[in-house]
Amino acid sequence: MIGEIAEDLTGLVRDEINLAKAELKEEAAKAGKAGGMLAGAGYAGHLLVLFVSLTVMFALAHVVDIAWAALIVTALWAAVAAVLYVLGRKRLKDVNLKPERTVETLKEDAAWARHPMN
C-alpha cells in the first residue's frame, strides 16, 4: 500500500511538472509575440522616419522654413512612436508567467496527500 501511494505521488509530481512546463511554454510564446511586435514597430518606425520624414519635410519646406518643417515632422513621428509603445506595452501586460492551473492542481494534490482515503 505504501508503495502504491509513493508511486501515485511520483506520478502526480511528474504530471504537475509537465503541466507547469506546458503553461510556461504557452506564456513564453505570448511574450515572444509581444516582443516581436515591439521590435517590428521600432524597425518600421525607423524606416518611416528615414524615408517619409525627408519627403514630408522637404514638401513642407515650400510652405515654411525648413527648420520648422523638420520640427513638425519630428512631432508627428513622436506621436506615432508613442502609440506603438502603448500598444506593445499593453500586450506585454497580458502575459502571465504564473502557471495558474498547476498551482490549482498542486493545492488539490496537497489536500489529497493529507487525506488519501477521502
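Which residues does T102 touch, not counting residues up to four places away in sequence? In this predicted model, local features need pLDDT of at least 70 and side-chain atom pairs count only at pLDDT 80 or more, while totals for chains, interfaces and linings use all residues. Residues are numbered from 1 along each chain as its sequence is written, and side-chain values use heavy atoms, with hydrogens and water left out.

T102 turns out to touch E16, L19, A20 and E23, where a contact means heavy atoms within 4.5 Å. T102 sits in helix 3, residues 100-114 (helices are DSSP runs of H or I, at least four residues, numbered from the N terminus). With a relative accessibility of 5%, T102 counts as buried (buried is under 20% relative accessible area, exposed over 50%, partly exposed in between, using a 1.4 Å probe and protein chains only).

Now for helix 1. Its 59 residues, 2-60, reach 84 Å from the first C-alpha to the last, close to the expected 87 Å (that is, 1.5 Å times one less than the number of residues). At V52, helix 1 bends by about 35°, the angle between axes fitted to the seven residues ending there and the seven starting there. Buried residues of helix 1 include E16, A20 and E23, and what covers the buried ones includes helix 2 (66-93) and helix 3.

L47 is also found in helix 1, but L47 is partly exposed, at 31% relative accessible area.

Key. Helices (H or I, at least four residues) and strands (E, at least two) are DSSP runs, numbered from the N terminus.
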